[in-house]
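Please open the model in a viewer and keep the sequence panel beside it. The stops below say what to select next and what is to be found there.

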Amino acid sequence: DGLATLAKKAKKKYFGTAIDNPNLRDCAYTAKLNDTKEFNQITPGNSLKWDATEASRGTFTFLESDIAVALGVQNKQHIRGHTCVWHNQLPNWVTAGNFDNITLNSIVANHCSTVVGRYKAQIQLGHSERYKLCLYVIPPPTYPDSTELFNEDGTWRNSVFYNTTGESFVATALRAAHAADPKTKLYINDYNIEGTGPKSTAMFNLVKSLKAQRIPIHGVGLQAHLIVGQIPSTIQANIEQFAGLGVDISITELDIRMTLPVTDALLAQQKIDYQTVVSACNAVPRCIGVTIWDYTDKYSWVPSTFSGQGAALPWDENLVKKPAYDGIVTGF
Ligand code: XIL
């Protein structure tokens, strides 16, 4: 049937994958990306980040992101934008922190409205609503040793944005993105908020407060960079809590890594773990879809980031399906 087909049968909007431009030269890899029975959604994994789109102040480049977006548009796949504001993969002129509050807020507004506005225009060129850049992710996460909007204890992270503007950059980014494309769904995305805990509570309270202030916010993204055998038991309850705020939830960057070498036992546990995550989303109507952080172990970010770990995705390095694939099938 294919994972996207199954997701739609289960009344989800999509099953999708992150992609990365350099890998698009690999034809076998790209052929599977174009298989819309498996994937009816893509997320550009790097090409929409700030360092790629506005490397010097006020000068925007969309060469790479246009390629990624065009692939999705051609395939009629949903596209998640990733990302407007994040403390990682920033150009030095932003990180240097040489701006005051008002200036940095205006830089954030300009960046978000330009990037979001770019694809509003592009997608209006003769494509129907269905193909529009439908989702935007506001500050996503980072690598495990640092945090995102929030630290693990739920306090605000010391990014250049927070240190300069306080919490106001979040509303600035959301308002600018909304003004640039009022139909785009705006998300806040983070890691380690899959289960309940102080970080999830901080996210819950932020979204609640944004909604109370009528600041546009439509969803929460759970990244779900998880570890085999360690899926939080509260994942479904946690998704339900976010849904209670009246926002959508997406699993935005799912991968489930293991300590290498791969064994049959680890692959069997990984299958169960993929099923657990997918069925938690499946059980909550406002959880609208699942994205894996690339589909094959050949191009996963995991081995280069977490030393000694890998094999986190449902297809192996030869693009052959692993037991995890069947776990997803069962989860829907
Ligand atoms: C990763 C990409 O996959 C890598 O290619 C890049 O070198 C670093 O960033 N959380 C996120 C993603 O929100 O943007 C990160 O993507 C993975 C962690």
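Helices (H or I, at least four residues) and strands (E, at least two) are DSSP runs, numbered from the N terminus. This is a predicted model, in which local features need pLDDT of at least 70 and side-chain atom pairs count only at pLDDT 80 or more, while totals for chains, interfaces and linings use all residues. Residues are numbered from 1 along each chain as its sequence is written.

**The whole chain**

Begin with the protein chain in cartoon form, where 13 helices and 10 strands are present. The radius of gyration of the protein chain is 19 Å, close to the 20 Å that the globule rule gives for 332 residues, so the chain is as compact as a globular protein of that length. This radius is taken over C-alpha atoms, and the globule rule is 2.2 Å times the number of residues to the power 0.38. Along the principal axes, the C-alpha atoms fill a box of roughly 55 × 45 × 35 Å.

Of the 332 residues, 49% are buried. A residue is buried if 20 or more other C-beta atoms lie within 10 Å of its own, exposed if 12 or fewer, and partly exposed in between, with C-beta atoms placed from the backbone. Two residues are in contact if their C-beta atoms, placed from the backbone, lie within 7 Å. Among contacts between residues at least 6 apart in sequence, 78% join residues at least 24 apart.

Select residues 41-44, which form strand β2. Q41 and T43 point one way from β2, I42 and P44 point the other way, and all are buried. In a regular strand the side chains alternate between the two faces of the sheet.

Two strands pair if DSSP finds at least two bridges between them. Which residue of β2 is the bridge partner of T17? The partner is I42. Residues 78-82, strand β3, also pair with β2 in the parallel sense, over 2 bridges. Here I42 has I79 of β3 as its bridge partner.

Show helix α2 (residues 27-33) as well: β1, α2 and β2 make a right-handed β-α-β unit. A crossover is right-handed if, with the strands pointing away from the viewer, the path from the first strand over the helix to the second runs clockwise.

**Helix α4**

Move to residues 63-75, helix α4, whose 13 residues reach 19 Å from first C-alpha to last, close to the 18 Å expected at 1.5 Å a residue. The expected span of a helix is 1.5 Å times one less than its number of residues. In α4, S65, A68, V69, G72 and V73 are buried. They cover an arc of only 135 degrees around the axis, which puts them on the same side of α4. The arc is that of the directions from the helix axis to the C-beta atoms. L63, A70 and Q74 are exposed on the other side of α4. Just after the helix, K76 takes a positive phi of about 60 degrees.

**Helix α9**

Next select residues 198-212, helix α9; its 15 residues should span 21 Å at 1.5 Å a residue, and its end C-alpha atoms are 21 Å apart, which agrees. The buried residues of α9 are K199, S200, A202, M203, L206, V207 and L210. They lie on the same side of α9, since their arc around the axis is only 160 degrees. To see what covers them, display elements including β5 (185-190), β6 (219-222) and α10 (235-243). The face of α9 turned away from its buried side carries the exposed residues N205 and A212. Just after α9, R214 has a positive phi of about 60 degrees.

**Backbone details in the loops**

Most residues other than glycine have a negative phi, and most peptide bonds are trans. In the loop between β3 and α5 (92-95), find T83; the peptide bond from H82 to T83 is cis, with omega near 15 degrees. A cis peptide bond also joins L260 and P261, with omega about 5 degrees. P261 is in the loop between β8 (248-259) and α11 (264-282).

Then centre on A224, in the loop between β6 and β7 (225-227). A224 has a positive phi of about 65 degrees although it is not a glycine. Is A224 buried or exposed? A224 is buried, with 26 other C-beta atoms within 10 Å.
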